[in-house]
Amino acid sequence: MKIGFVYFLSFLFLTSCQNGSDTKIPSEEKSTELTYTSLILLGTIQDAGSPHIGCKKDCCKDLFENPDPNRQVISLGLFDAATSKKYLFEATPDISRQLKTLKNFGKISEDEMPEAIFLTHAHIGHYAGLMYLGKEATNANLVKVFALPRMKQFLEENGPWGQLVTNKNIALQSLETKQSISLSENLKVKAILVPHRDEYSETVGYVIQGPKKSALFIPDIDKWEKWDLDIMEEIKKVDYAFLDATFYSGTEINNRDISEIPHPFIIESMEKFQHLRIEEKQKIVFIHFNHTNPVIDPKSDATRSVIKNGFRIGRKGDIFNL
């Protein structure tokens, strides 16, 4: 009876608070003073954004004239309460607005640039925002950018990215998998390889270890079965798991071969994770939504299904204490 009651309370919490975050910041203009190390979702949409270029479907048709400011490309911000430094995960096409939110997050910063940027791979939504650090835009000065060997080489040897290096707009930092980078005494970041379409670089996720809690950040991955790690075990190791949920199901894509973009469908992930305890399910925050994904709409049947099954849906502005 006691276990059932706890489950019931947890379910009520999930259904009444769909994003499931600790708190929320509504826009890039509002400051949020925090005394604890925290993560903030700066965007949740797949690389090409929403509305999607050339889209004629109902999911986009009204957004070209009436954009939704919450539909920004996937990015995660990190505030270190011990040092007041900020870190950015992914450099997206929406980086200008996302950096303004990060500047005001945790403690208002004088500097518009983060202490460092961590990249996952060389697909457009995850690194193209670096262009705004160049001479044509902010002309940044030696912003640290962490990348694995192939990603680092890709940026160094290909234009226009190499110009960011030679002009000293960015300072590339070597990153190795499974080796923790200490950002401060109680804050560490570790990269882990994941299987994905690695045309130009490796693809990694990150484990972020804070003073009290930890998070797994995997915005892009092929099917869970292709990974040499067990996602179920990885979820158990952390307090939050931000996981690739590009498509709700294969039926929403009818103009491309879905096998060429093999992300885990939300319905597949929910089936795979269905036997996890409710405490483990609550760790899972679905992110990286294609413009066709119905969970973008908080009132959709798909959203209700995800919440009913005990999982979370990431929303821009969600904050998670570390």
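At 45% relative accessibility, Glu199 is partly exposed, a class that lies between buried (under 20% relative accessible area) and exposed (over 50%), as computed with a 1.4 Å probe on protein chains only. The side chain of Glu199 meets that of Arg197 in a salt bridge, with an N to O distance of 3.9 Å; a salt bridge is here a side-chain nitrogen of Lys or Arg within 4 Å of a carboxyl oxygen of Asp or Glu. Arg197 is likewise partly exposed, its relative accessible area being 27%. The model is predicted, so local features require pLDDT of at least 70 and side-chain atom pairs pLDDT 80 or more, whereas totals for chains, interfaces and linings use all residues. Residues are numbered from 1 along each chain as its sequence is written, and side-chain values use heavy atoms, without hydrogens or water.

By this rule the count comes to 15 salt bridges. One of them links Asp68 to Arg71, whose closest N and O atoms are 3.4 Å apart; Asp68 is partly exposed at 27% relative accessibility. Another joins Glu233 and Lys236 at 3.6 Å between the closest N and O atoms. Both residues belong to helix α6 (residues 231–237) and are three residues apart, about one turn of the helix. Helices are DSSP runs of H or I of at least four residues, and strands are runs of E of at least two, numbered from the N terminus. An α-helix has 3.6 residues a turn, so residues three or four places apart point the same way. Glu233 is partly exposed at 38% relative accessibility, and Lys236 is partly exposed with a relative accessible area of 44%. Elsewhere, salt bridges with shared partners join Arg277, Glu279, Glu280 and Lys283 into one network.

In helix α9 (residues 301–308), the buried residues include Ala302, Thr303, Val306 and Ile307. Seen down the axis of α9, the buried residues fall within an arc of 135°, so they line one face of the helix; the arc is taken over the directions from the helix axis to the C-beta atoms. Asp301 and Lys308 are exposed on the other side of α9. Gly310, which follows α9, has a positive phi near 95°.

Arg315 is placed in the loop between β16 (312–313) and β17 (318–321). Arg315 is buried but has no salt bridge, and the nearest side chain of opposite charge, that of Asp318, is 6.3 Å away. The Arg315 side chain does reach the backbone oxygen of Val295, at 2.9 Å.

Definitions and conventions: Lys, Arg positive; Asp, Glu negative; His and termini not counted. Polar contact = N/O pair within 3.5 Å; in protein donor to acceptor, adjacent residues only side chain to side chain.
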